Amino acid sequence: MRKVLYSGNEAIARGAYEAGVRVAVGYPGTPSSEILENIAKLYKEDIYAEWSANEKVAMDVAAGAAYSGVRTIVTTKQVGMNVLSDSLFYLVYTGIEAGVVVVTADDPGMFSSQNEQDNRWYARIGKIPMLEPCDSQESKDMVALGMELSEKFNTPVILRTGMRISHSKSIVNLGEREKNIKSAKEFPRDIKKYNCNCIYSREKRQVIAKRLKDLAQWAETAAINSITWGDRKLGIISSGIVSEYAREVFPNASILKLGMVYPLPEKKIRDFARQVDEVVVIEELDPFLEEQIKAMGISVRGKDIFLAYDELLPSTLREQAVAAKLLPAEELPKQPNFDIGELPSRNAVFCQGCPHRSTFYLLSKLKVPVTGDIGCYNLGCLPPFNAQHTMGSMGASIGQLHGVSAAGGPERAVCTIGDSTFFHAGLPALANMVHNNMRGVIIILDNETTAMTGHQDHPGMDKTLMGKPTAKIDIENLCLAMGVKKVKKVNAFHVKEVEASLKECLAWNDGPAVLIPTGECIFVARNPKQAYAVDANKCIACGNCTKAGCPAIIRIDEINPKTGKRKMGINSVICNGCSVCSQICPTGAIYQTGRKEAAE
């Protein structure tokens with residue numbers, strides 16, 4: 001048996017391979033993205049993998065594949081569950097011909113998400129069994145277990161991880177790929193089973209109720225719900241990586257670790273609680289386990305001790321346990337006293353060479369209302385631009401612009417949305433604007449990749465996740481085909497061209513207008529450009545170039561004697577030669593110089 005060091009995401013990819021998965025789909029989003037990328041890189045001979053246009057589309061693809069008889073996995077970050085749940089819930093009613101595992105990677109502490117949500121609730125509201133691994137080994141093994149449960153109980157299974165599990169590494173014992181891989185068979189013509197009209201669904205609802213009882217019975221003896229006996233004065237009930245934290249902070253306590261967090265093994269929990277003096281539930285985020293256990297009539301403590309938000313790391317766990325007198329104060333480690341002095345603060349900014357820079361420079365200059373979306377371009381809400389005024393969820397910007405138009409306010413408004421997000425959730429909203437003849441400018445920032453999550457493909461690109469050439473959907477032609485009468489595609493790096501087209505679109509009155517500033521993300525650009533420099537003799541230290549918000553632009557020591565201000569320079573090591581700063585310099589002091597090392 002070969003041992004490797006895998007992250008949770010790598011382990012889940014391996015688990016899909018070993019479990020005989022044939023189809024893997026999802027939409028990129030931290031912390032889940034590496035699952036499909038590893039499948040496409042390492043197992044593409046055995047598993048078809050794709051980035052779907054959004055999570056609901058991915059779930060529907062999975063349903064079709066599972067109906068056809070092949071094992072399927074779907075991946076998403078936590079907010080993507082909100083998108084795919086509409087399709088996941090009908091799959092609970094229809095059941096499947098082959099196993100389906102839905103991986104949700106939650107984000108306690110919101111390292112890269114617009115909100116903090118506890119997706120264990122999807123198990124309860126959808127009546128879906130949920131597994132929760134505590135390390136990479138369990139992440140791999142629970143894919144196979146999820147497939148077995150899915151087929152045994154005729155239901156999709158949710159595998160919930162979190163940021164720490166997804167990205168931290170631990171030792172994994174590798175196995176072999178299942179020998180009897182399921183192949184696609186004739187599509188079932190079982191209308192009663194696979195048709196969720198109300199007549200058939202009423203009957204299925206009773207089946208689901210019995211299924212949950214059967215799953216709970218299975219959970220009573222499942223090895224993934226294990227007890228480690230220690231001092232019986234304190235019994236801890238926990239799950240996932242938090243159970244490992246609890247083991248570290250309370251090394252002498254008795255611990256019931258739940259590998260299945262829904263439905264719960266009630267008899268096992270009662271037996272455990274009966275054999276300890278006090279029961280404490282330790283879980284990250286909501287009191288999901290605590291409320292279910294209290295509903296069994298068992299006295300436990302939980303959220304009166306541990307906060308219901310943010311990550312519950314061992315240091316936090318220890319502090320809160322000491323405050324509740326579960327641990328003596330001596331358990332708190334003494335904090336080292338480092339004098340690090342004052343550090344300069346830095347804003348998050350667009351990368352040097354980013355094609356979005358010119359657009360947000362102009363939006364800031366024109367001071368128009370901007371409804372925004374999710375992606376790198378949300379940085380446009382920060383200084384020096386302060387030019388993206390909303391951000392809610394994927395594709396929300398176009399609908400919000402629709403609302404601005406419907407409200408009939410006095411200002412001409414625009415929205416910003418990235419190319420990948422446009423395919424994810426922007427298309428229906430644009431169709432709605434066209435149909436209702438709403439006014440406003442939809443700026444589709446096309447950087448030819450899904451940049452913020454790691455440069456994954458989307459339907460506007462000419463290669464699939466598996467590296468195969470494919471048809472590229474042209475956004476300009478797509479908008480025209482949808483009925484938009486005013487569509488302007490411009491070079492994102494030409495400031496005057498973008499400005500003229502933006503003003504032209506703002507003046508448009510016959511329905512929505514679409515502006516598509518197009519330029520490759522610097523991290524996928526195939527034509528590196530020469531760096532720029534500043535002629536200090538021409539620089540008047542006006543600082544206009546800083547309005548581009550480029551981290552390569554710096555102040556130098558040379559002073560303009562008239563104003564006393566420091567003149568500008570460019571860090572040639574990080575300059576990517578986009579030329580935006582030179583275009584907005586009023587004195588022509590910024591010029592292109594020799595090729596930097598990275599471009600040679």
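**Ground rules.** I am working with a predicted model, where local features need pLDDT of at least 70, side-chain atom pairs count only at pLDDT 80 or more, and totals for chains, interfaces and linings use all residues. Residues are numbered from 1 along each chain as its sequence is written, and side-chain values use heavy atoms, with hydrogens and water left out.

**Cysteines.** I looked for disulfides (a pair of cysteine sulfur atoms within 2.5 Å) and found 0 in the structure. C196 is in no disulfide, and its nearest cysteine sulfur, that of C198, is 11 Å away. I then checked C381: its sulfur is 13 Å from the closest cysteine sulfur, in C376, which is too far for a bond. C196 is partly exposed at 34%, and C381 is partly exposed at 31%.

**Cavities.** I took a cavity as a set of points, on a 1 Å grid over the protein atoms alone, where a 1.4 Å probe fits but cannot get out; lining residues have an atom within 4 Å of a point. Grid points are joined across faces, edges and corners, and a volume is the space filled by probe spheres set on the points. I count 3 cavities of 30 Å³ or more. Two or more lining residues come from each of β7 (157-162), α7 (163-167) and α10 (240-249); helices (H or I, at least four residues) and strands (E, at least two) are DSSP runs, numbered from the N terminus.

I sorted linings by class: Ala, Val, Leu, Ile, Met, Phe, Trp, Tyr, Cys and Pro are nonpolar, Asp, Glu, Lys and Arg charged, and the others, Gly among them, polar. The largest cavity has 7 nonpolar, 4 polar and 7 charged residues in its lining. The second largest cavity holds about 100 Å³. Of its 15 lining residues, C550, A552, C575, C578 and C581 lie nearest the centre. That lining has 9 nonpolar, 5 polar and 1 charged residues.

**Pockets.** A pocket is an open set of points with protein on both sides within 12 Å along at least five of seven lines. I read about 680 Å³ for the largest pocket. Its lining has 39 residues, with Q114, I374, G375, M394 and T453 closest to the centre. The largest share, 5 residues, comes from α16. I get 14 nonpolar, 22 polar and 3 charged residues for this lining. The second largest pocket has a volume of about 410 Å³.

**E116.** Where does E116 sit? I find E116 in the loop between β5 (100-106) and α5 (120-126). E116 is partly exposed, at 24%. Beyond its neighbours within four places in sequence, E116 is in contact (heavy atoms within 4.5 Å) with residues including Q78, L285 and Y309. A polar atom of the E116 side chain lies 2.7 Å from the backbone nitrogen of G109. The backbone nitrogen of D310 lies 3.0 Å from a polar atom of that side chain.

Terms used: Buried < 20%, exposed > 50% of the residue type's maximum accessible area, 1.4 Å probe, protein only. Polar contact = N/O pair within 3.5 Å; in protein donor to acceptor, adjacent residues only side chain to side chain.
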